Amino acid sequence: MPAYLLFSSFIEKITASIGEMDTWLFLKINTEWNSPFFDGIFPWWREANTWIPLYLFFIVLAILNFKDKAFYWILFIVLTATITDQTSSNLLKNIFERVRPCRDPNLAGQVRLLLNNCSGGFSFPSSHATNHFGFAMFIFITLQPVLKKWGYLFFV
């Protein structure tokens, strides 16, 4: 058997195994390892409007502390968010094509929904996660001299 067929078979088995573990973990978290406290917080947490005060805080912080450089700092935050959003939404999601669990026919009737609707498109990687990670990384890198060891809190 040619080496490329063996490698291809190996990759298919690994991919299937990761998919099975992903489904198992999702169902555990979604149906068994849940909490009324977090069930109330996470839908609110994912809303874009929830984060507006934090974004406004950073804009004011930049204007007060960076003065002339504030415009560029804010511009680069917007560019970072645009790059992370477009990379996750238009590149990576189309590569992985992971169906949202609430739209997966294999999970029909097993998924506990916290929202009234299930958005369309693919689910991996999470655009919320990539955007917030990009934002946290930008803050961490640019404010490292000011924040010192406290900069790591932005990743939490």
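User: Is F38 buried, partly exposed or exposed, and what is its relative accessible area?

Analyst: Quick note first: this is a predicted model, where local features need pLDDT of at least 70, side-chain atom pairs count only at pLDDT 80 or more, and totals for chains, interfaces and linings use all residues. Residues are numbered from 1 along each chain as its sequence is written, and side-chain values use heavy atoms, with hydrogens and water left out. Buried means under 20% relative accessible area, exposed over 50%, and partly exposed in between (1.4 Å probe, protein chains only). F38 therefore counts as partly exposed, at 39%.

User: Which two residues form the tilted pair with 50 degrees between the planes?

Analyst: Rings of Phe, Tyr and Trp (its six-membered ring) pair if their centres lie within 6.5 Å; planes under 30 degrees apart count as stacked, over 60 as edge-to-face and the rest as tilted. Here the centres are 5.7 Å apart, and the two residues are W73 and F138.

User: Where does S123 lie?

Analyst: S123 is buried, with 15% relative accessibility. Its place is the loop between α4 (70-96) and α5 (127-142).

Technical notes:
Helix = DSSP H or I, 4+ residues; strand = E, 2+ residues; numbered from the N terminus.
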